[in-house]
Amino acid sequence: MHDLLTGLLERARQRAATEADAYLVDEQSSSVQVRLGKVETVTHSREQRLALRVFAGKASASASTSDLSRESAERLVDEAVALARLTAPDPMAGLPDPGEFASAIPDLGLEDPEGHGLTPEEKIAIAERAEAAALDADPRITNSEGAEFFERRARYAYATSHGFFGSYPTSSFGLTVSPVASVDGKMQRDSWYSFARKRQRLDPPEEVGRTAARRALRRLGARQVKTAEVPVVFDPETAASLVRALAGAASGPGLYRGTSFLLNRLGTRVGAPSVTIVDNGTIPGALGSRPFDGEGLPIRKTVLVNAGTLESYLLDTYSGRKLGLPSTHHAARDGGGVGVATTNLYLAAGETPPEELIRTVRSGFYVTELIGFGVNMVTGDYSRGAVGHWIENGALAYPVEEVTVAGNLLQMFQAIDGIGNDLVLRERTSAPTVRIARMVVAGN
């Protein structure tokens, strides 16, 4: 990887590029899917992706390829340099300053060297155990959309014409199950999952299956409700989507284009005093961790929102320059270009058990699934289809479907009046249970 990338950068220099960087990903993945005890698919793939970015003064161009032959790599350089010469200059374009690059590559425990030795038959057995546990959990679990076990391992490498080179390996594993429950001819589906960097840290297949079954069963008998403005409690999975949306509004590209409701809000209150949102890419073994970002800058912990106040945006070098701010080391590579992405993003836990957040609601809505993409990043207006349970006198009374929860994302975070103590970093974006004092729940 080192020789390939540095060779590309040297060729770019010879073609009169003033600066350049190159990014290489080599990954292997496999998955097995079973349904009702029978194998549906077994897949295995390997993919290599090479991305090159070159600068001719303040003009830049990007190109990428999956062909790593010498001829293809040389052609990639020549085409990128030629494109850069045709591109209009941008005064903000360019690599980070040389002193900003990571000086060391920490080992964050992102690889599982012992976990990738399963045979296809062993992977199938894991998926079968998870689905069987769901089907055996209750007679009302009558069908299944299947179970899947997957694994992925990859190595990333990045080099710049300033002399930086870094690489690191990763592993990831996952198990998902989607059972179907039915009663009186009416069916409901739900799912559950477990993801981890180390295979041994996956939840037991039987536990994943039984949890998926409970989630499907609790949806039986779902009904609509009349439109009302009531407290809304988001479970951890749906609350995480709110955090993800706020981080999207805090990302550099939307800000410098003027299409984010968080523009010019640094230092202002964007949430209740109980709201603290952190992005921390240094957590050992976490799914979003990495030793450096897509521009070679060291990953660190960033407090996005501190006690309700917006303390930071999420920026790569270019978006930071456009906004007159330093990079927050959140660059991400996607194809040939550079974007912005979070690492391990989470809403800090509160001190209240989630049961207590529900117990104090006389009449309200507990959300367990959100449908659609109804978030307007320009205004913050929020409207999404939802599934969950109606709360009556502090208890979950009956399941609800075909409703919409609506509000404004900024006002929603400011109206948070309860945060649970049940934070678990299950994915790259995580949250505990969250209660919002008032939202419109639109039904019939």
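Visitor: How far apart do the centres of the positive and negative side chains lie in the chain?

Guide: This is a predicted model, where local features need pLDDT of at least 70, side-chain atom pairs count only at pLDDT 80 or more, and totals for chains, interfaces and linings use all residues. Residues are numbered from 1 along each chain as its sequence is written, and side-chain values use heavy atoms, without hydrogens or water. The chain has 48 positive side chains (Lys and Arg) and 54 negative ones (Asp and Glu), with His and the chain ends not counted. Each charge is placed at NZ of Lys, CZ of Arg, CG of Asp or CD of Glu, and the centres of the two sets lie apart by 3 Å.

Visitor: What share of the 444 residues is buried?

Guide: Buried means under 20% relative accessible area, exposed over 50%, and partly exposed in between, using a 1.4 Å probe and protein chains only. By that rule, the buried share of the chain is 51%.

Visitor: Is L36 buried or exposed, or partly exposed?

Guide: L36 is found in the loop between β1 (19–35) and β2 (38–56). Its phi is near 55°, a positive value in a residue other than glycine. The relative accessibility of L36 is 41%, so L36 counts as partly exposed.

Visitor: Which strand holds E402?

Guide: E402 is not a glycine, yet its phi is positive, at about 55°. Its relative accessibility is 56%, so E402 counts as exposed. Strands are DSSP runs of E, at least two residues, numbered from the N terminus. The one holding E402 spans residues 395–408 and is β17.

Note on methods. Helix = DSSP H or I, 4+ residues; strand = E, 2+ residues; numbered from the N terminus.
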